[in-house]
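Here is a friendly briefing to read alongside the sequence and the 3D view. Please keep both open as you go.

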Amino acid sequence: MSQQDRNASNSGGLPEVADQSEAIVRLREENARLHEELAKLRARTLPPGVEADWESEMSRGIVYVDGHSPTSSISAGRLLAQLSGLSRERMKAGRVRNSSDFDYLPKPSLDEAQLEADFVRWGYCLVRDAMSADQVRAQVDRLKDQAAAEREHNVAILSGHNDNAQLVNNLVLKGDVFRAAVEFNESAAQGGPTVDRLLTRIMGEGFGLGCAHGSIVHTGGGLQELHIDQGSMPLPYPPYPFGSLIIWCYTEFNLDNGGTYIVPGSHRTPGGATLFHESADLVKLVDSEPGLVAICAPPGTCIVTDTRVLHCGGRRQAPGTRYAMRCHYNRSFMRALHEQATANVHVPDEVYDKLSPRLKQMMSITVNRPDPVVELHGTKRSRNDQ
Ligand SMILES: O=C(O)CCC(=O)C(=O)O
Ligand SMILES: [Fe+2]
């Protein structure tokens with residue numbers, strides 16, 4: 001039975017993980033299958049400089065999807081299957097270290113040049129004191145209240161063994177404090193403008209909101225499969241991320257507390273190329289220096305991540321609860337990457353009226369027509385209809 005939190009901010013479900021020995025067997029089989037597939041795929045790839053001929057391409061037909069020809073895409077999910085069960089295995093074996101064990105890994109900072117350098121080198125950075133203690137308290141109070149009410153109304157999204165995690169999705173519908181934080185308003189997040197500037201450097205002006213949800217993780221909960229947050233994007237990837245997941249830490253993050261596990265530097269080479277490609281050995285990537293670490297950050301920190309970096313929710317071992325808000329932002333031309341982001345399509349009028357122009361733009365709902373033009377039937381004919 002899986003003990004993993006399937007409510008990730010990437011799109012699509014995460015595969016279930018069985019017990020350790022089963023997982024190892026499955027990993028080996030998966031690896032063998034992938035190698036075989038890749039060998040076949042390489043055989044279809046023409047050597048550099050050799051051009052395909054029209055006749056064979058035309059007779060093959062349209063094969064742009066999923067690894068059928070040199071011109072087709074490859075699903076990132078097939079690569080991620082290599083990592084099935086690995087987060088659990090490494091966690092059980094005590095092979096996940098605290099990020100604070102490594103001098104060179106990102107530390108909470110207010111220096112924007114340092115934050116950008118950390119983001120480029122490691123695929124994430126930590127904005128220090130992005131929320132004050134009072135701001136964090138206001139967020140957590142509203143989140144706890146909403147979470148309790150959703151349980152009472154039987155609409156709660158619970159996961160893990162004994163419901164040891166709860167996801168409170170679509171926070172833009174659920175309180176002024178969340179709406180203000182999602183659009184980086186200083187009233188809710190004193191370091192909001194810094195986060196906004198970083199995200200604009202990552203995705204350009206006009207980036208959109210994929211999802212904003214509250215994450216509540218009790219002891220024993222929180223573990224996810226290793227993944228990237230642009231996993232639904234077919235390969236090959238361009239040399240930049242499609243989006244950014246940010247995590248507002250409402251409580252202390254570290255290994256015991258269920259801080260996010262991450263493989264720092266797994267997002268790119270110095271030249272900008274993705275490490276996530278058809279022949280990538282992702283297990284090797286996880287095992288390279290510094291390997292899989294749990295992000296350490298005090299409450300009030302905002303973790304800003306590159307959607308190409310390998311990471312996952314970590315299991316909380318300590319007593320108590322980890323609270324956080326996770327917001328996924330995308331480049332402006334992309335739709336929400338999350339099937340739970342129904343906030344962007346189901347917005348009650350009373351909430352719509354409270355949304356700022358920026359939030360409406362982020363959610364791609366600048367127009368919300370209560371009476372759209374639907375199928376009509378005319379009674380009078382004009383000359384144009386003859
Ligand atoms: O909650 C976390 O620590 C990470 C969550 C995550 O990676 C996700 O939801 O995509
Ligand atoms: Fe994620």
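Predicted model: local features only at pLDDT ≥ 70, side-chain atom pairs only at ≥ 80, totals over all residues.

Residues are numbered from 1 along each chain as its sequence is written, and chains are lettered from A and ligands numbered from 1 in the order in which they are written.

**Overall make-up**
- The protein chain has 11 helices and 11 strands; these are DSSP runs numbered from the N terminus, helices being H or I of at least four residues and strands E of at least two.
- Among contacts (C-beta atoms, placed from the backbone, within 7 Å) between residues at least 6 apart in sequence, 80% join residues at least 24 apart.

**The seven-stranded sheet**
- Seven strands form an open sheet in the order S2-S9-S6-S11-S5-S4-S3, with antiparallel pairing; strands pair if DSSP finds at least two bridges between them.
- S2 (124–127) and S3 (157–159) are the edge strands, each with a single partner, so one side of each has no neighbour in the sheet.
- S6 (residues 243–249) and S11 run antiparallel and are joined by seven bridges, and Ile246 has Cys327 of S11 as its bridge partner.
- Helix H5 (residues 112–122) lies across S2 and S9 (302–305), at about 150° to S2; axes are lines fitted to C-alpha atoms, for helices over the stretch in contact, and angles run from 0 to 180 degrees between N-to-C directions.

**Helix H6**
- Its buried residues are Gln135, Val136, Gln139, Val140, Leu143 and Ala147.
- These cover an arc of only 125° around the axis, which puts them on the same side of H6; the arc is that of the directions from the helix axis to the C-beta atoms.
- The face of H6 turned away from that side carries the exposed Asp134, Asp141, Asp145, Ala148 and Glu152.
- Cover for the buried residues of H6 includes S4 (165–168), helix H7 (176–182), S5 (208–218) and S11 (321–330).
- H6 lies across S4, S5 and S11, at about 100° to S4.

**The core**
- The largest nonpolar core has 84 residues, and Ala181, Ala212, Ile246, Trp248, Ile303 and Val304 touch the most other members; such a core is a set of buried Ala, Val, Leu, Ile, Met, Phe, Trp, Tyr and Cys residues joined through C-beta atoms within 7 Å.
- Leaving aside neighbours within four places in sequence, Ala181 contacts Gln139, Ala188, Ala189, Trp248 and Met325.

Methods
Buried ≥ 20, exposed ≤ 12 C-beta atoms within 10 Å, placed from the backbone. Contact = placed C-beta atoms within 7 Å.
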